[in-house]
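Subject: Structure handover

Hello,

Here is the structure I promised to pass on. Please open it beside this email and follow along.

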Amino acid sequence: MTDADRRSAQRAAIELSVEYKRLNTFFADYTRNISKGGTFIRTDRPLAIGTEFVFALSIRNLAEPLRLRGRVKWIVTSAEATESAPAGMGIEFQYASDAERGATEAVVEQLMMSELGETLASKLLGRKLGDGSR
């Protein structure tokens with residue numbers, strides 16, 4: 001399965017610090033791509049597929065990290081990793097409500113626009129930014 005087969009939305013190449021807790025141990029890893037639907041966390045210690053957890057993304061210009069709930073959809077173990085497919089886990093965001101989904105998507109869109117520019121962000125999102133369509 002290729003990365004394109006695994007995800008439902010285009011991802012942007014942006015490096016962010018991500019922190020999460022596993023069995024009373026905190027981990028700090030990095031995500032290098034993010035979409036409105038999920039992210040890939042690069043780690044040599046991926047959680048099991050199906051694991052739900054809360055993680056925090058440190059984003060420049062935000063006073064507090066963005067706290068998100070996610071579910072591990074797929075993993076690449078250290079043994080399977082290659083230069084183009086590093087070890088880590090594909091995360092699908094989980095939302096408690098449509099309002100929470102909308103707020104998170106707005107932050108991700110703003111992040112993509114500030115890091116990549118409006119033209120590329122619009123292309124990745126599949127729409128003109130600010131037009132209100134999702």
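Tyr95 is buried, because its relative accessible area is 17%. The cut-offs are these: buried means under 20% relative accessible area, exposed means over 50%, and partly exposed lies in between, with a 1.4 Å probe and protein chains only. Phe93 is buried too, with a relative accessible area of 5%.

Two notes before going on. This is a predicted model, where local features need pLDDT of at least 70, side-chain atom pairs count only at pLDDT 80 or more, and totals for chains, interfaces and linings use all residues. Residues are numbered from 1 along each chain as its sequence is written, and side-chain values use heavy atoms, with hydrogens and water left out.

Now the aromatic rings. A pair of aromatic rings is described by the distance of the centres and the angle of the planes. Rings of Phe, Tyr and Trp (its six-membered ring) pair if their centres lie within 6.5 Å; planes under 30 degrees apart are stacked, over 60 edge-to-face, and the rest tilted. The structure holds 4 aromatic pairs. One of them is Phe53 with Phe55: the ring centres are 5.4 Å apart and the planes stand at 35°, so this pair is tilted. Both Phe53 and Phe55 are buried. For Phe93 and Tyr95, the centres are 6.4 Å apart and the planes are at 70°, so that pair is edge-to-face. Ring pairs join Phe53, Phe55, Phe93 and Tyr95 into a cluster.

Next, Ser78. Where does Ser78 sit? Find Ser78 in the loop between strand 5 (66–76) and strand 6 (88–94). Ser78 is partly exposed, because its relative accessibility is 43%. Contact means heavy atoms within 4.5 Å. Setting aside neighbours within four places in sequence, Ser78 is in contact with Asp44 and Ala87. Thr43 is 35 residues from Ser78 in sequence, and their C-alpha atoms are 8.6 Å apart in space.

Last, the whole chain. The protein chain has 3 helices and 6 strands. Helices (H or I, at least four residues) and strands (E, at least two) are DSSP runs, numbered from the N terminus. Their order along the sequence is α-β-β-β-β-β-β-α-α. Of the 134 residues, 39% are buried. Among contacts with a separation of 6 or more, 49% join residues 24 or more positions apart. The chain exposes about 7900 Å², and carbon and sulfur atoms supply 49% of that. Accessible areas come from the Shrake-Rupley method with a 1.4 Å probe; for residues, only the protein chains shown count as cover.

Best wishes
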